[in-house]
Amino acid sequence: MNNASELSGDVPLGLTPSQWEAISGLTSHSQTRIPTDEASRPSSVYLSELRFDAEMQAVFRSVPVVATMSAYVQAGMSLAQDCYGVPILITRDKDGVARCFLNACRHRGAKLIESTEPVKSARLSCPYHAWTYAADGKLIGVPRQETFPSIKKCELGLVPLTTYEAGGYIWVGLDPEASPEMLPGSQQICEDLEAFGLQNMHVYGRRLYDLKANWKLVVEPFLEPYHIQRLHADSIAKMFVDAPNVISLIGPHQRQCSGKANFDPAILNGQIDNLHKYITHAYLVFPNTIVVTSPYYISVMVLMPRGVGRTVVDYYMLVKSAPDTEKAKELYARSYRLIDEVFGGEDFRAAQLQQEGLGSGAIDRVYFGGLEEMIGPFHDAVESFLPNEAV
Ligand code: FES
Ligand SMILES: [Fe+2]
């Protein structure tokens with residue numbers, strides 16, 4: 001097959017030329033390379049409050065991060081997103097423009113929306129004294145305005161946060177004083193994810209996990225295949241093999257594609273009904289968003305650090321469209337349970353076990369082997385943003 005765009009499957013799938021090139025580099029399992037790149041880090045990168053504060057300042061408050069999925073906030077809806085510890089209000093006006101603000105009324109600071117679910121909202125009325133805002137943040141209504149003779153409504157709009165929409169995500173700058181630009185490589189990453197159709201998919205389910213683990217420990221299992229035959233021995237291991245991924249560093253972001261147990265390069269020459277049955281893609285959308293493809297759905301996890309040893313995971317399961325047959329309903333429900341068992345019960349549990357072990361002070365260094373070769377570059381990317389004294 002020469003034309004990658006001809007590929008289609010149950011998850012709407014095209015491929016960018018860059019993705020196709022990577023997939024073309026997959027070998028048969030018998031010819032797989034033995035990766036030997038090692039790396040290590042001091043345990044303090046996961047435990048030090050100073051290090052955590054530096055990451056929050058130099059990374060999370062200085063680069064655009066994912067606020068939510070584009071598909072989750074439809075026109076005329078708003079969403080409160082508190083998981084970063086900054087109250088964010090995401091709106092999408094009737095023309096489809098998404099905007100982020102601080103979720104704080106300009107009168108006396110009350111949150112305008114409490115629900116963590118999207119709400120219908122042509123206008124946003126504060127629950128306290130009903131100051132009212134348009135979806136573009138303008139203050140449009142003040143009850144008994146004659147009692148505020150000195151205020152000017154045009155000066156008291158909601159505090160805007162830098163907002164981008166690309167790759168199926170609404171991105172936000174968490175610092176209202178800063179205007180961060182998209183990072184190098186983001187365009188390619190967004191093109192890849194749009195080729196999967198992420199922006200047009202349906203959010204089947206969303207779930208929050210509040211984990212006792214440093215955010216980097218939650219990222220790491222999604223960067224390495226080493227644990228799959230071991231941690232997941234009783235769940236998904238049989239679908240995969242102990243093989244390295246084809247990896248691409250794209251700016252600070254990462255893309256991995258790997259042939260599943262049933263993969264043979266010869267399939268790329270034929271008609272493929274659904275490439276996701278044979279190949280798994282996993283992305284680290286720097287710094288904190290993970291994308292993992294499955295045959296019938298895509299998982300997106302936004303990892304939001306809340307303390308040196310605490311991370312809230314905002315998990316979304318995306319499918320092509322809302323299930324309209326019993327078969328689809330059953331398949332998606334089963335997948336949603338499996339995700340909770342595998343990501344929740346295994347990957348997230350491992351991150352928390354690591355935090356406990358490292359937190360005991362017993363281990364002063366951690367080591368990454370060849371099948372964990374993406375973890376070193378991830379730490380390199382984080383450290384490239386930090387001031388020297390924090391590394
Ligand atoms: S705090 Fe919002 S109207 Fe008073
Ligand atoms: Fe895993």
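The accessible surface of the protein chain in this predicted model amounts to about 17000 Å², with 51% of that area contributed by carbon and sulfur atoms. Of the 391 residues in the chain, 54% are buried. Charged side chains comprise 34 positive and 45 negative groups, and the centres of these two sets are separated by 8 Å.

The secondary structure of the chain consists of seven helices and 20 strands. The radius of gyration is 22 Å, close to the 21 Å given by the globule rule for 391 residues, and the chain is therefore as compact as a globular protein of that length. Taken along the principal axes, the box filled by the C-alpha atoms has dimensions of roughly 80 × 50 × 35 Å. With regard to contacts in the chain between residues at least 6 apart in sequence, 66% join residues that are at least 24 apart.

Helix H4 spans residues 186–195, and its buried residues are Ser186, Ile189, Cys190, Asp192 and Leu193. Viewed down the axis of H4, these buried residues fall within an arc of 155 degrees, so they line one face of the helix. After H4 comes Gly197, which has a positive phi near 85 degrees.

Positive phi values also occur in residues other than glycine, including Ala130 and Arg144. For Ala130, phi is about 70 degrees. This alanine is located in the loop that connects strand E7 (123–125) and strand E8 (132–134). Ala130 has a relative accessible area of 31% and is accordingly classed as partly exposed, the limits of that class being 20% and 50%.

Arg144 has a phi near 50 degrees. The loop that holds Arg144 runs between strand E9 (139–141) and strand E10 (160–161). With a relative accessible area of 57%, Arg144 is exposed, a class that begins over 50%.

A further backbone feature concerns the peptide bond from Phe286 to Pro287, which adopts the cis form with omega near 0 degrees. Pro287 is situated in the loop between strand E16, covering residues 279–285, and strand E17, covering residues 289–293.

Conventions
Residues are numbered from 1 along each chain as its sequence is written. Chains are lettered from A and ligands numbered from 1 in the order in which they are written. Side-chain values use heavy atoms; hydrogens and water are left out. Helices (H or I, at least four residues) and strands (E, at least two) are DSSP runs, numbered from the N terminus. The radius of gyration is taken over C-alpha atoms; the globule rule is 2.2 Å times the number of residues to the power 0.38. Buried means under 20% relative accessible area, exposed over 50%, partly exposed in between (1.4 Å probe, protein chains only). Contact means heavy atoms within 4.5 Å. Accessible areas come from the Shrake-Rupley method with a 1.4 Å probe; for residues, only the protein chains shown count as cover. Lys and Arg count as positive and Asp and Glu as negative; His and the chain ends are not counted. The place of a charge is taken as NZ of Lys, CZ of Arg, CG of Asp or CD of Glu. The arc is that of the directions from the helix axis to the C-beta atoms.
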